[in-house]
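Let's take a walk through this structure together, strand by strand and helix by helix. Have the view open and follow along.

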Amino acid sequence: MEEIWNGLLKAVELIARLDPVVVEITARSLFISLTSAFLAALICIPLGGFIEFRSFWGKRAIVNLIQTLYGLPTVTVGLLVFLLISRSGPLGGLHLLFSPAGMIIGQTILVSPVMTGLTISALAGVSPQIKETAKSLGASEAQVILTVIKEARPAVMAAVLLGFGRALSEVGVAMMVGGNIQGYTRVLTTAIALNTSMGDLELSMALGIILITLSLAINLVLGKVQGW
Amino acid sequence: MTFLETRELGKAYGQAQILKDISLSVERGDVLALIGPTGSGKTTLLRLINLLDEPSEGSVIFDGVNITALPEKEKIRARRRMAMVFQKPVMFKGSVRENISFGLNVRKMGDPRKVDESLRAVGLDSFGSRIASTLSGGEMQRTALARALVLEPELLLLDEPTANLDPKSAASIDRLIHDLSRKTTVIMATHNMQQCHRLADRVAVIREGRLTGLGRPEEVLAAVMKQDESFSLPSVTW
């Protein structure tokens, strides 16, 4: 218990004096996860809109598949992306393995199902009367879709924030695709895993506190957004 | 040329026939009232004219063009010459002013003066910055009317425009519709026989999805009273 308490005090000290290692790892984590969430949003919001607004054969099955993939294990995505970008893989020539770019690709894939699925639910939650009112006031199909997205904005924002939270807290892709290279691909989760196994509990706890604080901040923003 | 005409218009959802063989015409600047009991098909007729639904049979001829047969792009152009106010209007997120500007914005014709005029016309001058979702039912109805009026439509489709309003607001909307006539063609679904009598140039009676009467208000209402002994003008509604 004393060891935990001392570790906690040391962790707070590391954060308070803005320890360079802690700051660097946190900044990298935020950069990679924010970029992944942004790229996923660019893909998933239009994709969710397309699935919601179009009628096509197999639509129900696709929505079911997307929802099934919400819980996609991070190590499975890590393996998939590893096979894709490893030297002998189809994208091996791009030299993305053990790089932040590779981690971004992996995390984008990881958060895409949840972001697409929640976007579809958000858009489906907008009253059909909104679509009809927009249409009756002369909106084109594209303008109707934009209106519905605008109406669903808080729920769509929540989908993006949840995606960001999942990217920030995952460890499988970061470890397998990033390789946990110090000063290059080491992020909060992989640094916690490594330092715990090496017995450096102070640094692990400091990074853990930051991760929990960031998760809490995401939740607070989420609550605010949903209240809009 | 007749401004608007429906030819043997019909709508079915599966086995349920909602409208059948509706043939009527409206001249430019006229007010046509659609009367009939709840569920008789009045709203469906308005929706077919506004191209919100596809007819199962028949056609809508608008200013000499069969608009039901047009490709989607052309339908939007036709729809932009009309505006419809629903019985239970919904508000977009944002202020009353943003709601009223919606139709102008989708036409890329934003004009704050027109929005002010519309707000004044429905007696909501001081409501522009209010969040639309906080309005009462009657205020929403008036906002929805302003949202349509600001577009200066050639054809205004009103579904029970005064159903949710208190008598004072209803009277002001009646006056507005009266002032609009001659400038704008109005097709108005209503239960209110007195409103029909006061405002309409012609009345169409719809029962169980069929047109059972069409003519001048006094003739049609007299015929309705003869058919339905429970009905009399002072009772106001169907």
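Strand β4(B) pairs with strand β5 (residues 65–66) of chain B in the antiparallel sense, over two bridges; strands here are DSSP runs of E of at least two residues, helices are runs of H or I of at least four, and both are numbered from the N terminus. Two strands count as paired if DSSP finds at least two bridges between them. B:I61 has B:N66 in β5(B) as its bridge partner. Two residues lie between the strands of this hairpin, and there B:D63 takes a positive phi near 50°.

A word on the model itself: it is predicted, so local features need pLDDT of at least 70 and side-chain atom pairs count only at pLDDT 80 or more, while totals for chains, interfaces and linings use all residues. Residues are numbered from 1 along each chain as its sequence is written, with chains lettered from A and ligands numbered from 1 in the order in which they are written.

Back at β4 (residues 57–62) of chain B, you will also find strand β1 (residues 4–13) of chain B, paired with β4(B) in the antiparallel sense over five bridges. Look for B:T6, which stands opposite B:V60 in β4(B).

Now turn to an open sheet in chain B, where six strands follow the order β6-β7-β8-β3-β9-β10 with mixed pairing. Its edges are β6 (82–85) and β10 (210–215) of chain B; each has a single partner strand, so one side of each is left without a neighbour in the sheet. From one strand to the next, the twist averages 15°.

Next come two helices of chain B, α3 (residues 96–106) and α4 (residues 112–121), which pack at an angle of about 120° with their axes 10 Å apart. The axes are lines fitted to C-alpha atoms over the stretch in contact, and angles run from 0 to 180 degrees between N-to-C directions. The contact (C-beta atoms, placed from the backbone, within 7 Å) involves B:R97, B:I100, B:S101 and B:L104 of α3(B), and B:K114, B:V115, B:S118 and B:L119 of α4(B).

Finally, where do the chains meet? In all, 15 residues of chain A are in contact with 16 residues of chain B. On the chain A side, α6 (128–136) and α7 (141–151) are the elements that give two or more residues, and α6(A) provides the largest share, six residues.

Notes
Contact = placed C-beta atoms within 7 Å.
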